[in-house]
Amino acid sequence: RKKVSIQRLQQLRNQGTPITMLTAYDYFTARQCETGDVDICLVGDSLAQVCLGYDSTTRLTMPEMLHHVKAVSRGLKTPFLVADMPFGSYHSSVGDAIRNAVQLMQEGGAEGVKLEGGEEIVPIVKALTTIGIPVMAHIGLLPQRHAALSGYRVQGRDAHTAHRVVRSAEALQDAGAFAMVLEAIPHTLASYITARKVDIPTIGIGAGGGTSGQVLVWDDAMGTWEGHKAKFVRRFADVGRISREGVSAYAEAVRAHKFPDAEKEGYGMTEEEWSRFM
Ligand code: KIV
Ligand code: NA
């Protein structure tokens with residue numbers, strides 16, 4: 001398979017072939033994305049909850065993100081690798097945004113970065129894209145603002161906020177974004193933005209089937225997340241159950257002296273060597 005590029009993603013969008021994006025957080029999940037043939041691998045800041053046990057993405061730091069991006073990039077060959085910019089890593093100044101984005105690419109091996117926000121982050125997106133840092137925008141529900149917004153809510157359900165989402169989509173495309181995530185907005189609005197308002201690929205999560213592609217969080221899709229399950233999540237595998245069964249079976253076998261098997265799972269020594277040793 002050929003390495004996925006931005007040009008390839010645009011081609012998929014233009015020909016109406018859905019773009020597949022899935023999160024990955026370490027070497028294993030990256031290898032699974034590679035062999036499972038996804039187009040884009042995202043080291044999402046959902047890393048905070050699903051891998052690191054924080055209660056929200058606002059806890060995640062640059063060094064933590066970088067550590068995981070490095071591991072994912074070591075496991076990938078074909079998919080396009082995008083890293084989320086952590087909360088606070090692109091807001092303080094354009095200089096900080098550039099420095100952190102460059103670090104995710106240079107040290108981490110990311111091929112692009114994703115930033116949450118609408119029209120208000122256009123100057124930052126512009127600064128990044130003009131110097132050659134590919135930016136994936138992320139509009140609609142913005143998990144990094146859960147505290148300011150008092151929770152995680154569907155966005156754009158009324159005419160006023162729907163217009164705001166559309167303006168953001170247009171402004172971020174103009175700022176040079178190569179694609180955008182549309183999170184938790186009505187499917188009609190997402191389809192409208194995709195078909196009528198932007199030319200770049202839109203990747204939906206909780207945004208219906210009319211976007212250029214879909215993204216899910218690994219642990220939601222594979223059934224390894226035991227917390228809240230959003231309405232838009234579909235579980236494609238129940239890895240959590242399988243691994244729970246595996247862990248119990250292991251512990252049980254050890255306690256019952258059934259693991260290891262002396263013959264099949266151990267190393268022998270000749271009688272002769274043993275008597276010499278004794
Ligand atoms: O952090 C994340 O996993 C994301 C995707 C859900 C788009 O931003
Ligand atoms: Na994210």
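## Closing the barrel

Strand β1 (residues 19-23) and strand β8 (residues 213-216) run parallel and are joined by four bridges. Here strands are DSSP runs of E with at least two residues, helices are runs of H or I with at least four, and both are numbered from the N terminus. Two strands pair if DSSP finds at least two bridges between them. Ile19 stands opposite Gly213 in β8.

This is a predicted model: local features need pLDDT of at least 70, side-chain atom pairs count only at pLDDT 80 or more, and totals for chains, interfaces and linings use all residues. Residues are numbered from 1 along each chain as its sequence is written, while chains are lettered from A and ligands numbered from 1 in the order in which they are written.

## The whole chain

The protein chain holds 11 helices and eight strands. Its C-alpha atoms fill a box of roughly 85 × 40 × 35 Å along the principal axes. The chain has 278 residues, and 41% of them count as buried. Buried means 20 or more other C-beta atoms within 10 Å of a residue's own, exposed means 12 or fewer, and partly exposed lies in between, with C-beta atoms placed from the backbone.

Take the contacts in the chain with a separation of 6 or more: 59% of them join residues 24 or more positions apart. A contact here is a pair of residues whose C-beta atoms, placed from the backbone, lie within 7 Å.

## Around the barrel

Eight strands close into a barrel, in the order β1-β2-β3-β4-β5-β6-β7-β8, and the pairing is parallel. Neighbouring strands of this sheet are turned by 25° against each other on average, direction ignored. Angles run from 0 to 180 degrees between N-to-C directions, and axes are lines fitted to C-alpha atoms, for helices over the stretch in contact.

Strand β5 (residues 135-140) pairs with strand β6 (residues 179-183) over five parallel bridges. Met136 stands opposite Ala179 in β6. Strands β7 and β8 also pair in the parallel sense, over two bridges. There, Ile203 has Gly213 in β8 as its bridge partner. Gly213 is also the residue opposite Ile19.

## Helices across the strands

Helix α7 (residues 159-174) lies across β5 and β6. It runs at about 175° to β5. Helix α8 (residues 187-197) lies across β6 and β7 (202-205), at about 170° to β7.

The loop between β6 and α8 contains Ala184. Its phi is near 45°, a positive value in a residue other than glycine. Ala184 counts as buried because it has 22 C-beta neighbours inside 10 Å.

## Helices α2 and α4

Helix α2 (residues 27-36) packs on helix α4 (residues 62-75) at an angle of about 40°. Their axes are 7 Å apart. From α2, Tyr27, Ala30, Arg31 and Glu34 meet Ala71, Val72, Arg74 and Gly75 in α4. By class, this contact has four nonpolar, one polar and three charged residues. Ala, Val, Leu, Ile, Met, Phe, Trp, Tyr, Cys and Pro count as nonpolar, Asp, Glu, Lys and Arg as charged, and the others, Gly among them, as polar.

His67 sits in helix α4. It is partly exposed, with 14 other C-beta atoms within 10 Å. His67 and Asp26 are 41 residues apart in sequence, yet 9.0 Å apart in space, C-alpha to C-alpha. Thr61 belongs to the loop between α3 (47-50) and α4. With 13 C-beta neighbours inside 10 Å, Thr61 is partly exposed. Thr61 and Pro86 lie 25 residues apart in sequence and 6.2 Å apart in space, C-alpha to C-alpha.

## Around ligand 1

The residues around ligand 1 are Thr23, Leu42, Gly44, Asp45, Ser46, Asp84, Val181, Ile205, Val215 and Val217. Each has its C-beta atom, placed from the backbone, within 6 Å of the ligand. This shell divides into five nonpolar, three polar and two charged residues.

## The loop between α10 and α11

Pro260 lies in the loop between α10 (239-255) and α11 (271-277). The peptide bond from Phe259 to Pro260 is cis, with omega near 0°.

His257 is found in the loop between α10 and α11 too. It has a positive phi of about 55°, although it is not a glycine. His257 counts as exposed because it has 7 C-beta neighbours inside 10 Å.

Key:
Contact = placed C-beta atoms within 7 Å.
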